[in-house]
Amino acid sequence: MATVSVDGTGAGTAKARHPKGLYYLAFTEAWERFSYYGMTALLVLYMVNALLLPGRVENVAGFVGFRAFIEGMYGPLTTQALASAIFGLYAGFVYFTPVLGGLVADRWIGQRNAVVLGALSMSGGHVAMAFDESFLLALLLLVIGSGLLKGNISAQVGALYPRDDEARRTRGFAIFSMAINFGAVLGPIFCGWLANEYGWHWGFGAAAIFMLGGLVTYLAGYKHLPARVERRSDEAAKLTRHDWTIIAALVAVMFITMFHSIAYYQLANTFPVWVQEHVDLTFGTFEIPVPWYQSVDPLFSIIGLPVLFALWGLQARRRGEPGDLAKIGIGASLAACANLILVAAILVGGGDDIHPLWPFLYAGMLGIAFLYYWPTLLALVSRAAPASVNATMMGVCFLTLFVGNNVIGWLGRFYEPLGPLRFWLLHAGIGATGAVLVLLFRRPLRNLLDGAVREEPLRPGAETVEAER
């Protein structure tokens, strides 16, 4: 049997091995996601229960001006509403800065140096989070670091493989994706337990240590990683009228998916506050840490992926598998149903503390909804967007998350005035709006996109496994 070298450049037809650099990138990403999701699971609760309270918020450097800026946009805010707005800005810019990080890497410093600088910035941000005075600096460093690291490390995974080796690249991205989900599940569990048992800064400190672990892992594999990812140049850079029609249709699809994003991402913002206030977290003598619910969504995504692939395969054999636009609509419907679970829990509870199973089901259904909509959107854009702007359109997909997270930060200020019942009913309605828009515009959008890509069922591919929540 012919063999392939570990760097992926050897000759032969049996390309079984993956480049050694893949495993360094996967473990780096696992450490980084562990720290990111661990810290994110604590952030809103930390602000509501500690940092933003009178007598302590005065210690945060620059916070008077920062609060004046936010309230200049939103009006006067309570502690909970202010925490929601801050989280929305932070989470939104996490998805905005990778566009700039990719530009910096492509034009000046290369992907390898960008990832190192990003890891250093994120490590500094997690360390700064341990001190009240440097809270705003911590968020800034984390946003900058994520921008330099997030997209560039994914680009390096693809660059490890020859262009004609799609099958092995797909499996490589699958391994990389599992590292993302592994970190997303374990980060909130470990950091949430530390914060619950020993205090907030122990949880943030653990996130800093694991981010440093990711940096050490990356540097250990430095020589096995591409310094710069060469971009494919397209000869026909000028867009035709047909190309612009395709772009307009894809932008319309992205707009529709923002309704799903808004219904989904409140999971990390207002939802922990609601759980803390209204859910009975005692399980015998054990008290369930609120951040643990942030692990349910990625856990269901891991478990649900092979189940959905089996379901879609069965539907395909019966000629009934939904196309891409239909799957996006199903995802929006599931997000609406997830929020209705909380509505039902409140109605059943009748003012009493709610059983911890209800929020578990909510987060689990959102994990399945995510699988239906976000990887499908990336796959559709990757296949349909004109070649000369394909990478740009993929970046625009992530900008929809920037908008969506800022919207949930704005909506969070209505949690207290509306009350939990009407607040979650509102988000169910937002998710349902996305589903209705798919029903209304699916056929014309499919017709517009038909010249670029037929609405074929989603199959596992490199573009589907890069997805992050």
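Axes, in what follows, are lines fitted to C-alpha atoms, for helices over the stretch in contact, and angles run from 0 to 180 degrees between N-to-C directions. The model is predicted, so that local features need pLDDT of at least 70 and side-chain atom pairs count only at pLDDT 80 or more, while totals for chains, interfaces and linings use all residues. Residues are numbered from 1 along each chain as its sequence is written, and side-chain values use heavy atoms, with hydrogens and water left out.

The protein contains 15 helices and two strands, where helices (H or I, at least four residues) and strands (E, at least two) are DSSP runs numbered from the N terminus. Of its 469 residues, 56% are buried, a word that here stands for under 20% relative accessible area, with exposed meaning over 50% and partly exposed in between (1.4 Å probe, protein chains only). If contact is taken as heavy atoms within 4.5 Å, then among contacts between residues at least 6 apart in sequence, 82% join residues at least 24 apart.

Two packed helices are described by the angle between their axes and the distance between the axes. Helix α2 (residues 63–74) packs against helix α3 (residues 79–128) at an angle of about 90 degrees, and their axes are 11 Å apart. Therefore α2 is roughly perpendicular to α3, given that angles under 35 degrees count as roughly parallel, over 145 as roughly antiparallel, 65 to 115 as roughly perpendicular and the rest as oblique. On the α2 side the contact is made by F63, F66, R67, I70 and Y74, and on the α3 side by L82, A85, I86 and L89. These residues divide into eight nonpolar, no polar and one charged, where Ala, Val, Leu, Ile, Met, Phe, Trp, Tyr, Cys and Pro count as nonpolar, Asp, Glu, Lys and Arg as charged, and the others, Gly among them, as polar.

One residue of this contact can be followed further. L82, which is found in helix α3, counts as buried because its relative accessibility is 1%. Not counting residues up to four places away in sequence, L82 touches L52, F63, R67, I70 and L77. L82 and E71 are eleven residues apart in sequence, and their C-alpha atoms are 8.4 Å apart in space.

From here we turn to the core. In soluble globular proteins, nonpolar side chains tend to be buried together. A nonpolar core is a set of buried Ala, Val, Leu, Ile, Met, Phe, Trp, Tyr and Cys residues joined through side-chain atoms within 4.5 Å. The largest such core in this model has 133 residues, and F135, L250, W274 and Y362 are those with the most contacts inside it. Helix α3 gives the most to this core, with 16 residues. Leaving aside neighbours within four places in sequence, W274 is in contact with V279, L342, I346, I354, P359, Y415, P420 and W424.

I256 lies in helix α7 (residues 241–265) and counts as buried because its relative accessibility is 9%. I256 and T433 are 177 residues apart in sequence but 8.5 Å apart in space, C-alpha to C-alpha. N405 lies in helix α12 (residues 390–411) and is buried at 1% relative accessibility; with neighbours within four places in sequence left aside, its contacts are G88, A91, G92, Y95 and Y265.
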